[in-house]
Amino acid sequence: MRRPTLDLDVLRTFVTGVELNSFAKAAARLGRSTSAVSAQLKKLEEQIGTPVLTKSGRGLVLTAAGETLISHARRLLELNDGIFQTLRESQTAGTIRLGLQEDFGEHFLSDILRRFVQTYPRVKLEVRIARNAELLALVESADLDLALTWDTGHLPPPATRLGETPMHWIGARDTPHLMATDDSPLPLIMFEAPCLLRSAAIQALDAARIPWRIALTSPSVSGIWAAVAAGLGLTLRTRIGLPNHLTVVSGLPSVPSLGYVLHSHGGDPTPATQLLAALIKTSLEEQAYRFTSTT
């Protein structure tokens, strides 16, 4: 037996007329004549086999069948409109310029890209991996649409603080942890100054009167990890992207958590840019939950 199929145009007229409390207004909004709207309503009632509207004074009200129908009709129209919106978005072309700290770039980028291209396969992403100062300058000059940076304590709008993560002293897992003595300052592996984590490490050690020295500077996080793994010293970083062969070291001064901020250059963000920002936020929340659940 062939199942009847509801006409979505008819359902849209029906829903619009009920929501406006006037089918004359619905006809004007939908660009149809009142006679065409009447014909659609008649077709709808014939198709479902029962009236959906009944007279009440000078107006019309829903019958019991009409109340049931309008609830389902709204969901069908939402689904229909959502499908076309998704299809339009998937055909959207353009470029989004994203800046990331190397910590985030190594750990989050592949997952974010995979989720993003499912909705916007034609949008090109240009990703810039750099340090805080460079990323902030590029956002300010409108050379980046979004940038995820560490929180410097200054949030020029538009910027959103997404959360924070603890800083830890990091050493090699399979080698003895280095400790400082008067004759042998604690060797540190750090970025070149200026660096938020470098400053935090030095301030914490100075406050605890622990002697230190910069044993090696690296322009990249991967270089820092390699030097720490070689036993050349300790570093201060977060657990974001921490390799398995390195570990958190105890017994050194505690340091505060480090916030992370999503910056944009202003203006009205495109739907694609809004989605990318939402994916970054979600990915960071998922990572924070994993860290919390394993500690």
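Tutor: The account below begins with the packing of the helices and then turns to backbone geometry and strand pairing. The model is predicted, and every value given here is computed from it.

Two packed helices are described by the angle between their axes and the distance between the axes. For helix 1 (residues 8–20) and helix 2 (residues 23–30), the axes come within 8 Å and cross at roughly 125°. Helix 1 is therefore oblique to helix 2, since an angle counts as roughly perpendicular from 65 to 115 degrees and as roughly antiparallel over 145. The crossing of helix 1 with helix 2 is right-handed. On the side of helix 1, the contact is formed by Arg12, Thr13, Phe14, Thr16, Gly17, Val18 and Leu20; on the side of helix 2, the residues they meet are Phe23, Lys25, Ala26, Arg29 and Leu30.

Asn21 belongs to the loop between helix 1 and helix 2. Although Asn21 is not a glycine, its phi is positive, at about 60°. Most residues other than glycine have a negative phi, and most peptide bonds are trans. Asn21 counts as exposed because its relative accessibility is 67%, and the cut-off for exposed is over 50%.

Helix 2 also packs against helix 3 (residues 34–48): their axes come within 9 Å and cross at roughly 110°. This angle makes helix 2 roughly perpendicular to helix 3. Phe23, Ala24 and Ala27 of helix 2 are in contact with Thr34, Val37 and Leu41 of helix 3. The residues of this second contact divide into five nonpolar, one polar and no charged.

Ahead of helix 1, Pro4 lies in the preceding segment. Pro4 is exposed, because its relative accessible area is 62%. From Pro4 to Leu275 the separation is 271 residues in sequence and 38 Å in space, C-alpha to C-alpha.

Arg209, in the loop between helix 7 and strand 8 (212–217), has a positive phi near 55° and is a residue other than glycine. Its relative accessibility of 77% is why Arg209 counts as exposed. The peptide bond from Ala193 to Pro194 is cis, with omega near 0°, and Pro194 is placed in the loop between strand 7 (186–190) and helix 7 (196–207).

Strand 3 (residues 94–100) runs parallel to strand 4 (residues 123–129), and seven bridges join them; Ile96 has Leu125 of strand 4 as its bridge partner. Strand 3 also pairs in the parallel sense with strand 5 (residues 146–150), over three bridges, and Leu98 stands opposite Leu146 in strand 5. Strand 6 (residues 159–172) and strand 9, by contrast, run antiparallel and are joined by four bridges, with Met167 opposite Thr238 of strand 9. Strand 9 (residues 235–238) is covered on both faces, with Thr235 and Arg237 buried on one side and Leu236 and Thr238 buried on the other.

Note on methods
Residues are numbered from 1 along each chain as its sequence is written. This is a predicted model: local features need pLDDT of at least 70, side-chain atom pairs count only at pLDDT 80 or more; totals for chains, interfaces and linings use all residues. Side-chain values use heavy atoms; hydrogens and water are left out. Axes are lines fitted to C-alpha atoms, for helices over the stretch in contact, and angles run from 0 to 180 degrees between N-to-C directions. Helices (H or I, at least four residues) and strands (E, at least two) are DSSP runs, numbered from the N terminus. Angles under 35 degrees count as roughly parallel, over 145 as roughly antiparallel, 65 to 115 as roughly perpendicular and the rest as oblique. A crossing is left-handed if the near helix is turned anticlockwise from the far one by less than a right angle, and right-handed if clockwise. Contact means heavy atoms within 4.5 Å. Buried means under 20% relative accessible area, exposed over 50%, partly exposed in between (1.4 Å probe, protein chains only). Two strands pair if DSSP finds at least two bridges between them. Ala, Val, Leu, Ile, Met, Phe, Trp, Tyr, Cys and Pro count as nonpolar, Asp, Glu, Lys and Arg as charged, and the others, Gly among them, as polar.
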